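Hi everyone, thanks for coming. Today I'd like to walk you through one protein chain, piece by piece. Please have a look at it before I start.

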Amino acid sequence: MSTSKTGKHGHAKVHLVAIDIFTGKKMEDISPSTHNMDVPNVRRNEYQLVNIDDGFLNLMTQDGTPKDDVKVPDSDLGTQIQADFDEGKDLLVTIVSAMGEEQAISVKEAPKGAN
């Protein structure tokens with residue numbers, strides 16, 4: 001974020017540069033410094049991977065609630081999740097959620113004795 005110097009009518013502009021958390025696409029916006037900007041609420045949660053079924057991750061929350069609505073990523077991460085799962089590893093998948101969208105962003109092997 002950067003601000004310009006005050007203009008003719010006493011209003012500065014704010015130049016925002018951001019990276020989309022789902023696509024990695026760079027986005028830019030310029031707005032008067034006196035205007036409010038909406039900021040999304042972003043949540044990051046870790047789930048245990050139970051199964052992979054028809055392109056979807058079958059996940060479980062810490063309290064045992066199933067979550068089956070997150071797609072396997074169409075990327076190197078998705079390939080890694082599938083390969084590690086096929087090897088029989090106990091996996092924890094991190095899901096980021098914002099503005100009605102969810103996506104897996106990382107995977108790691110669960111610590112021994114976590115189940």
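Let's begin with a pair of residues: Gln-48 stands opposite Met-60 in strand S5. Before going further, a word on the model: it is predicted, so local features need pLDDT of at least 70 and side-chain atom pairs count only at pLDDT 80 or more, while totals for chains, interfaces and linings use all residues. Residues are numbered from 1 along each chain as its sequence is written, and side-chain values use heavy atoms, with hydrogens and water left out.

Now back to our pair. Strand S4 covers residues 43-53 and S5 covers residues 56-60, and they pair in the antiparallel sense over five bridges. When I say that two strands pair, I mean that DSSP finds at least two bridges between them. Strands (E, at least two residues) and helices (H or I, at least four) are DSSP runs, numbered from the N terminus.

Met-60 has a partner on another strand too: its bridge partner in S6 is Pro-66. S6 spans residues 66-71, and it pairs with S5 in the antiparallel sense over four bridges.

What about the turns? S4 and S5 form a hairpin with two residues between them. Asp-54, in that loop, has a positive phi of about 55° although it is not a glycine. The S5 and S6 hairpin has five residues between its strands, and there Gly-64 has a positive phi of about 95°.

Is Asp-54 buried or exposed? Asp-54 is exposed, because its relative accessible area is 73%. The cut-offs are under 20% for buried, over 50% for exposed and partly exposed in between, with a 1.4 Å probe and protein chains only. Met-99 lies in the loop between S7 and strand S8 (101-109), and at 67% relative accessible area it is exposed.

Stepping into S7 itself, residues 91-98, we find Thr-94. Thr-94 counts as buried because its relative accessible area is 10%. What does Thr-94 touch, not counting residues up to four places away in sequence? Its contacts (heavy atoms within 4.5 Å) are Arg-44, Asn-45, Glu-46, Gln-103, Ala-104, Ile-105 and Ser-106.

On to the core. A nonpolar core here is a set of buried Ala, Val, Leu, Ile, Met, Phe, Trp, Tyr and Cys residues joined through side-chain atoms within 4.5 Å. The largest one has 13 residues, and Leu-49, Leu-57, Leu-59, Ile-81, Val-93 and Ile-95 touch the most other members. S4, S5, helix H1 (76-86), S7 and S8 are the elements that give two or more residues to this core. In soluble globular proteins, nonpolar side chains tend to be buried together. Leaving aside neighbours within four places in sequence, Ile-81 is in contact with Leu-49, Ile-52, Leu-57, Pro-73, Leu-91 and Val-107.

One more stop is Leu-16, in strand S2 (residues 13-19). Leu-16 is partly exposed, at 25% relative accessibility. Leu-16 and Glu-28 are twelve residues apart in sequence and 5.5 Å apart in space, C-alpha to C-alpha.

Finally, the whole chain. How many helices and strands does it have? There is one helix and there are eight strands, in the order β-β-β-β-β-β-α-β-β along the sequence. Of its 115 residues, 24% count as buried.
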